[in-house]
Amino acid sequence: MTLPENEECQSESPPAKKLKREESPQPSTSTWFVDYSLLDFCDDLLLEIFSHLKPIDLITLGQCCKRLQRIVRDRVLWKNVDFRPLCISDKDLTKYCEFLLPTTRKLAVKGLWVPPHPRERGGELRAIIDQSYLESRLAIGMSANFFNSLTKSAPNLHTLIIENTVLDTKNLTWDKVPSNLENLSLQHCHLFELDASKSFFYGIDKSLLNLKTLNLRECYWFESHSLLTLSKCEKLEE
């Protein structure tokens with residue numbers, strides 16, 4: 001069959017279906033969140049969290065409320081106490097001793113002492129420090145009051161680390177130091193008002209019977225005659 005000229009062919013295909021446009025869900029105009037407070041957690045969980053904090057942060061946290069004050073004083077948090085690298089004065093250290101407990105085994109502190117540059121003299125390395133310089137730094141040193149407070153709060157202390165501190169030896173005797181000490185470090189410390197008639201370590205063998213290690217690195221005041229006194233410590237190994 002022949003179609004007439006100029007006659008348009010009609011398409012017999014079905015009309016295209018109109019796709020229904022799916023509308024995407026609209027974001028909510030309100031944001032939902034759960035508001036938790038630190039005090040909503042139980043004591044055991046708070047202890048686990050607080051065990052990762054530094055001692056100075058625990059002290060600050062305990063000032064928030066009575067409950068946190070009770071929790072931060074738990075003996076678990078004060079077994080091994082290290083205030084470094086924070087530099088603390090003698091006055092603050094004496095105050096912080098209130099947080100130490102009979103169960104405290106280790107204490108490490110760092111003072112504000114910044115000694116002059118050491119020089120070579122007589123073949124031995126020494127720090128050239130005059131009396132006036134020490135007196136100007138004595139306010140940031142460590143006195144016998146600190147050791148008295150330390151012995152009362154932590155009588156069973158095994159390790160004591162003191163760094164960058166001026167030790168005021170006036171009225172300071174070894175019987176004021178916790179008697180159960182096994183490890184003592186006085187690295188980078190200096191002595192003020194040292195009695196030249198006797199060794200600084202006089203009586204240490206009778207007061208610290210369990211002393212095993214003694215660190216005196218960068219203690220330029222140390223004299224060889226003190227070795228005789230230290231040799232009397234029966235358990236001293238290094």
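**The nonpolar core**

Guide: With the largest nonpolar core, which has 50 residues; Phe 50, Leu 107, Phe 147, Leu 150, Leu 160, Leu 186 and Phe 201 touch the most other members. A nonpolar core here is a set of buried Ala, Val, Leu, Ile, Met, Phe, Trp, Tyr and Cys residues joined through side-chain atoms within 4.5 Å. Buried means under 20% relative accessible area, exposed over 50%, and partly exposed in between (1.4 Å probe, protein chains only). This is a predicted model, where local features need pLDDT of at least 70, side-chain atom pairs count only at pLDDT 80 or more, and totals for chains, interfaces and linings use all residues. Residues are numbered from 1 along each chain as its sequence is written, and side-chain values use heavy atoms, with hydrogens and water left out.

Visitor: Which element gives the largest share of this core?

Guide: α6, with four residues. Helices (H or I, at least four residues) and strands (E, at least two) are DSSP runs, numbered from the N terminus.

Visitor: And what does Phe 147 touch?

Guide: Leaving aside residues up to four places away in sequence, Phe 147 touches Met 142, Leu 160, Ile 162, Leu 167, Leu 172, Lys 176 and Val 177. Contact means heavy atoms within 4.5 Å.

Visitor: Switching to α1. Which of its residues are buried?

Guide: Leu 46, Leu 47 and Phe 50. They sit on the same side of α1, because they cover an arc of only 105° around the axis; the arc is that of the directions from the helix axis to the C-beta atoms.

Visitor: What do they pack against?

Guide: The buried residues of α1 pack against α2 and α3.

Visitor: Now β5. Why is it largely enclosed?

Guide: Five of the five residues of β5 are buried, so the rest of the structure largely encloses this strand. Thr 159, Ile 161 and Glu 163 point one way from β5, while Leu 160 and Ile 162 point the other way.

Visitor: Which strands are joined to it?

Guide: β2 is joined to β5 by five bridges, and the two run parallel. Three bridges join β5 to β7 (residues 183-185), also in parallel. Two strands pair if DSSP finds at least two bridges between them.

Visitor: What is the bridge partner of Lys 110 in β5?

Guide: Glu 163. On the β7 side, Leu 160 stands opposite Leu 184.

Visitor: Last one, the whole protein. How many helices and strands?

Guide: Eight helices and nine strands. Of the 238 residues in the protein, 35% are buried.
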